[in-house]
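Here is a short report for a reader meeting this structure for the first time. Keep the view open while reading.

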Amino acid sequence: MKKYAAVDIGSNAIRLLIVGVLKTNSVHKYRKISLVRVPIRLGQDVFLYKKISNEKLKLLLNTLKAFKLLMSVHNIDRYKICATSAMRESKNSKEVLKRVRKKLNLDINIISGKDEASIIANVFAKDFNNHKNLLYVDVGGGSTELTIINKGKIVKSKSFKIGTVRILNNLVKKDTWGKYEEWIKKHTKIYNGILTIASGGNANKLLKISGKEIGKPMSIEVIKEIYLELNKYSFEDRVIKLNLSTDRADVIIPATEIYLKSMNFCKSNQIIIPRIGLADGIIRMISYDENFGNQLLY
């Protein structure tokens with residue numbers, strides 16, 4: 001069994017996923033070994049001040065140092081580190097990458113919104129090809145990636161600067177929402193019975209709150225009910241009574257709004273939350289093409 005690791009440097013948190021992959025002929029079997037999430041909100045710096053602060057850079061370096069040690073302990077064969085919206089927009093991202101390379105001998109790959117969407121959407125295209133029409137919605141702190149999948153093939157993909165951290169800081173313009181709605185309606189109107197696939201940390205939390213099974217369809221009414229319930233509580237009560245982490249209790253409401261709007265725009269009545277994200281997509285990419293990953297030097 002090969003062991004691969006994926007690091008997702010997002011706008012709201014940084015994640016390390018370690019997976020064991022067993023390859024038998026053309027079939028790949030995946031077994032999750034470890035998932036570590038560190039709540040470093042890089043987007044808070046970048047979306048407000050256009051750069052990553054020294055304080056956040058230190059936290060990033062410490063986190064990646066710890067992740068490298070964990071990868072060494074697990075004897076990882078290959079890894080890949082990908083950074084998304086916050087790092088894409090940071091004016092000092094090149095300096096950050098150099099510091100990480102110099103101190104830790106790790107390479108960070110800043111991926112475009114389009115690549116981010118396609119990496120994850122390819123997982124859905126393979127795993128949900130029995131559904132004819134899909135709208136995949138991945139909500140992050142800095143951006144939302146949309147992908148339309150028809151009969152197992154990616155038809156259209158687009159990244160929008162609409163994310164939970166941006167919304168909390170009132171940084172999403174009305175015009176951006178208009179373009180978001182227009183894009184979904186324009187590219188989904190030819191399809192009937194669209195099923196929405198939701199990914200991201202907030203989607204996973206919605207699934208847990210709903211009590212539904214992973215990968216099973218649930219109605220838009222269920223998401224609406226959860227949304228109304230969340231809004232009944234203050235931030236403090238969402239932490240205490242709903243047992244949400246402090247870095248989740250604020251962003252879960254704007255994330256749910258994005259999912260609901262997306263479903264309404266494409267006239268989707270059902271949603272599936274498979275608990276798959278960018279890190280899972282990176283693992284799949286490495287498992288099918290080891291050149292996609294880096295070899296860890298111990």
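The expected span of a helix is 1.5 Å times one less than its number of residues. Keep that in mind for the helices below. The model is predicted.

**Helix α4**

Start with helix α4, residues 93-104. Its 12 residues should span 16 Å at 1.5 Å a residue, and its end C-alpha atoms are 16 Å apart, so the two values agree. Four residues of α4 are buried: S93, V96, V100 and L104. Seen down the axis of α4, the buried residues fall within an arc of 55°, so they line one face of the helix. The face turned away from that buried side carries K94, K98 and K102, which are exposed. The cover over the buried residues of α4 includes α2, α3 (85-89) and β5. Just after α4, N105 takes a positive phi of about 55°.

**Helix α7**

Helix α7 spans residues 174-188. Its 15 residues reach 21 Å from first C-alpha to last, close to the 21 Å expected. Buried in α7 are W177, Y180, W183, I184, H187 and T188. These cover an arc of only 125° around the axis, which puts them on the same side of α7. On the other side, K174, E182 and K186 are exposed. What covers the buried residues of α7 includes the strands β6 (133-139), β7 (144-150) and β8 (153-160), along with helices α6 (164-168) and α12 (252-265).

| α4 | 93-104 | 16 Å | 55° |

**The open sheet**

In what order do the five strands of the open sheet lie? The order is β3-β2-β1-β4-β5, with mixed pairing. β3 (27-38) and β5 (109-110) stand at the edges, each with a single partner strand, so one side of each is left without a neighbour in the sheet.

β2 (residues 14-24) and β3 run antiparallel, joined by 11 bridges. Within that pair, L16 stands opposite V36 in β3. β1 and β4 are parallel, with six bridges. There, V7 faces I81 of β4 as its opposite residue. β4 and β5 are also parallel, over two bridges. A83 has I110 in β5 as its bridge partner.

Helix α2 (residues 54-73) lies across β1 (2-9), β2, β3 and β4 (78-83), running at about 25° to β2. Helix α13 (residues 278-288) packs on the sheet too, touching β1, β2, β3 and β4. The direction of α13 makes about 140° with that of β1.

**Strand β4**

Is β4 mostly covered or mostly open? It is mostly covered: six of its six residues are buried. In a regular strand the side chains alternate between the two faces of the sheet. In β4, R78, K80 and C82 are buried on one side, and Y79, I81 and A83 are buried on the other.

**Cysteines and a buried serine**

C82 is buried, at 0% relative accessibility. C266 is buried as well, with a relative accessible area of 6%. A search of the whole structure finds zero disulfides.

S199 lies in strand β9 (residues 195-199). At 0% relative accessibility, S199 counts as buried. Its C-alpha atom is separated by 9.7 Å from that of Y259, 60 residues apart along the chain.

Methods
Residues are numbered from 1 along each chain as its sequence is written. This is a predicted model: local features need pLDDT of at least 70, side-chain atom pairs count only at pLDDT 80 or more; totals for chains, interfaces and linings use all residues. Side-chain values use heavy atoms; hydrogens and water are left out. Two strands pair if DSSP finds at least two bridges between them. Contact means heavy atoms within 4.5 Å. Axes are lines fitted to C-alpha atoms, for helices over the stretch in contact, and angles run from 0 to 180 degrees between N-to-C directions. Buried means under 20% relative accessible area, exposed over 50%, partly exposed in between (1.4 Å probe, protein chains only). The arc is that of the directions from the helix axis to the C-beta atoms. A disulfide is a pair of cysteine sulfur atoms within 2.5 Å.
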